[in-house]
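Here's a friendly walk through one protein model. Take a look at it first, and then we'll go through its parts together.

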Amino acid sequence: MLERLDFIEEKYNDLTKKISDPEVIANQQEWQKLMKEHASLEEIVQSYKEYKDVSKEIENDKEIIDDKSESELKELAEEELKDLEKKQEGIENKLKLLLLPKDPNDEKNVFLEIRAGTGGEEAALFAAELLRMYTKYAERKNWKVEIMSANQTDLGGFKEVVAMIQGKGVYSRLKFESGTHRVQRVPETEASGRIHTSAVTVAIMPEVEDVEVNIDPDDLRIDVYRSSGHGGQCVNTTDSAVRITHIPTGIVVTCQDEKSQIKNRDKAMKVLKARIYDKLQQEQNAKVAEERRSQVGSGDRSERIRTYNFPQGRVTDHRIGLTIYQLESFLDGDMDVVLDALNTADQAEKLKAVGE
């Protein structure tokens with residue numbers, strides 16, 4: 001690990017010189033690329049410097065303890081040594097995490113797709129609540145949320161809704177939200193007061209660049225039609241709604257939120273690329289041996305990942321066995337306690353895999 005850290009520090013110092021070179025600065029595209037790489041190494045290098053400083057202090061204290069002539073300082077050095085060794089261990093653990101392979105999608109924006117599953121109108125209403133939850137969480141993080149497409153019900157629920165979330169590290173925070181979310185409560189539509197169980201599926205798909213997904217225009221069937229709201233209400237009188245079908249995969253994307261056909265088509269294409277990329281990732285994950293797959297991040301859409309129990313006011317994440325009794329605040333966007341635990345569990349799995 002230390003050899004790798006030495007190499008990273010050397011590379012960081014080399015990048016520091018390059019980004020200060022006037023010739024490099026003149027080439028803005030190259031300079032920005034180097035600046036991004038420099039920034040990505042900064043935390044590792046600073047932590048490594050701290051590690052080396054602490055290690056040097058430990059060696060000095062050990063010399064004092066071994067030196068019989070320094071008997072007056074020996075007791076102080078022994079006491080300090082305990083604290084320094086504890087600090088060194090903490091920095092070492094931090095460095096191990098920083099050196100773990102980064103998910104290439106972590107810094108990307110995402111498409112959040114929420115679909116009502118079993119439970120009819122109750123599932124659609126809970127889909128709307130989940131959209132609100134993620135929107136509230138995005139507000140806390142100063143992220144931007146834009147609805148790309150929505151199929152709304154008469155009672156204000158969603159059969160399906162797709163939103164784009166833009167901001168720093170969005171995918172890294174939300175990537176473990178993909179899966180089946182189960183809700184247990186008495187529906188507003190239930191007269192007898194019985195508790196129902198409904199399900200909603202969530203998909204978190206990273207935004208992709210054109211170079212990452214190559215779509216042949218001949219593989220697309222594009223239909224335009226007149227937009228309409230739920231209940232058959234007409235939204236506008238022009239053929240602005242767009243439906244794009246990717247023939248090889250059968251993936252269909254519709255968008256009618258904009259009055260401009262061009263804007264709807266652009267939105268639909270972005271969602272289509274994300275869905276195709278997501279499908280390819282799912283297929284790749286399925287090929288990975290079960291013992292090597294992260295227990296947290298398998299991404300299986302059929303997996304029941306979380307239960308929201310209203311009568312008991314609890315949220316349970318089944319992958320890590322975590323239960324909190326803060327349902328109301330969680331649905332209001334206070335999600336970090338669970339998201340942090342999921343990331344910690346994922347890091348532990350990766351460290352375990354590296355150790356093996």
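Which residues do ring pairs link into a cluster? They are Phe126, Tyr308 and Phe330. Rings of Phe, Tyr and Trp (its six-membered ring) pair if their centres lie within 6.5 Å, and planes under 30 degrees apart count as stacked, over 60 as edge-to-face and the rest as tilted.

A quick word on where this comes from: the model is predicted, local features need pLDDT of at least 70 and side-chain atom pairs count only at pLDDT 80 or more, while totals for chains, interfaces and linings use all residues. Residues are numbered from 1 along each chain as its sequence is written, and side-chain values use heavy atoms, with hydrogens and water left out.

**The rings**

The structure holds 3 aromatic pairs. Two of them are set out here:

| Pair | Centre to centre | Angle between planes | Type |
|---|---|---|---|
| Phe126 and Tyr308 | 5.2 Å | 65° | edge-to-face |
| Tyr137 and Trp143 | 5.6 Å | 80° | edge-to-face |

Phe126 sits in helix H5 and Tyr308 in strand E9, so their pair ties together parts that are 182 residues apart in sequence. Phe126 is buried at 0% relative accessibility, and Tyr308 is buried at 0% too. Here buried means under 20% relative accessible area, exposed over 50% and partly exposed in between (1.4 Å probe, protein chains only). Tyr137 and Trp143 are both buried as well.

**The sheet**

The protein has 9 helices and 11 strands; these are DSSP runs, numbered from the N terminus (helices are H or I with at least four residues, strands are E with at least two). An open sheet is built from 8 strands with mixed pairing, in the order E2-E3-E1-E5-E4-E9-E10-E11. Two strands pair if DSSP finds at least two bridges between them. Strands E2 (144-152) and E11 (322-324) stand at the edges with a single partner each, so one side of each has no neighbour in the sheet.

**Two residues to look up**

Asn142, in the loop between H5 and E2, has a positive phi of about 60° although it is not a glycine. Asn142 is exposed, with a relative accessible area of 70%.

Thr307 belongs to strand E9 and is buried at 1% relative accessibility. The side chain of Thr307 makes a polar contact of 3.1 Å with that of Arg182 and another of 2.7 Å with that of His318. A polar contact is a pair of N or O atoms within 3.5 Å; within protein, one must be able to donate a hydrogen and the other to accept it, and residues adjacent in sequence count only if both atoms are side-chain atoms.
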